[in-house]
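Subject: Structure handover

Hello,

Here is the structure you are taking over.

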Amino acid sequence: MRRTIRVFAGLAVLALIGAWYTRGIGFTSRGTPSATETTIMRRARSWGTPASIRDQVNPAATSDTVLRGAMEHWADHCAGCHANDGSGHTEMGHGLYPKSPDMRAAATQKLTDGELFYIIERGVPLTGMPAWGNGTPEGEMASWELVRFIRKLPTLTDQDVDEMRKLNPTSPMQMEQEGKIDDFLNGKDH
Amino acid sequence: MKTRHVIAAAALTVLMFAAFVSAHSITVQGTVVAVEAARLQVKSVDAAKKELTDWYAVDRDTLVKRGTKTVKFADAKIAAGERVVILVDEHAATKNLAEEIRLAAAK
């Protein structure tokens, strides 16, 4: 009986701490996870990745054609949050909790190809990263090819980024805004 | 995979549209007053038609576009008096940090 009371008391204390923390941060995605939260979640992600996948050799070719296709794929599907250059500096990326990581940095680049593949296929719970996989061999190969492209992010050139911008999904409102910007810059706004 | 990706891309586009509407980035249109190694002073007019002259910080992730080409800030050859559009993330930790600087194509 005493043990049960202790367990419930412990749970109540945890709930109070959770409520206090949630109230404190104002229930928003604006903040940045603490170092402890980041460490715990990264450990959980690592722990949850099967060793057979973590150590898998990337079956995608390293040809220019594959990289080009993966670059187009990235510009169309991933750049909205991760940015064309992988920096994560986008409106969406900044608004997520946790914010989109800098994919060029060591924290991402030190992951194995298998770990990156697993993240693309399965997503990351409690973050903005969706699970893109549908279990088909074609889909899996597309994810492996994206991994190839992620490895290229640290060495992307300005020309690569320019090319990707042309491939980014654009809403009608964005196109209108682009037109206004061009008109202003070229003195056609009168 | 393809169908799912197309649906996801469509959803992403809608989300991007929503993000744009909510305008997390402030667009500043103005004229360059001064240029320093890591910042830019711009004269603009706010929504209340009041003239403002402000500095905008530039960091390694600031995208600088001269026409359609991406260039380094130092190589953009920004001149006082030329028109400029700056996208500023109002929620960034650094005040007035330029996310993107847009300039007319070089003549």
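None of the 14 residues of α2(A) is buried, so this helix lies largely in the open. A residue is buried if 20 or more other C-beta atoms lie within 10 Å of its own, exposed if 12 or fewer, and partly exposed in between, with C-beta atoms placed from the backbone. Helix α2 of chain A covers residues 35-48 and reaches 20 Å from its first C-alpha to its last, close to the 20 Å expected at 1.5 Å a residue. That expected span is 1.5 Å times one less than the number of residues. Helices (H or I, at least four residues) and strands (E, at least two) are DSSP runs, numbered from the N terminus.

This is a predicted model, in which local features need pLDDT of at least 70 and side-chain atom pairs count only at pLDDT 80 or more, while totals for chains, interfaces and linings use all residues. Residues are numbered from 1 along each chain as its sequence is written, and chains are lettered from A and ligands numbered from 1 in the order in which they are written.

Next, two loop residues and a peptide bond. Most residues other than glycine have a negative phi, and most peptide bonds are trans. Ala83(A), in the loop between α5 (79-82) and α6 of chain A, has a positive phi near 75°. Ala83(A) counts as buried because it has 24 C-beta neighbours inside 10 Å. Lys49(B) also has a positive phi, near 65°, and sits in the loop between β2 (39-45) and β3 (51-57) of chain B. With 6 other C-beta atoms within 10 Å, Lys49(B) is exposed. The peptide bond from Tyr97(A) to Pro98(A) is cis, with omega near -5°. Pro98(A) belongs to the loop between α6 (91-95) and α7 (106-109) of chain A.

Ile181(A) is in helix α11 (residues 172-185) of chain A and is partly exposed, with 18 other C-beta atoms within 10 Å.

Regards
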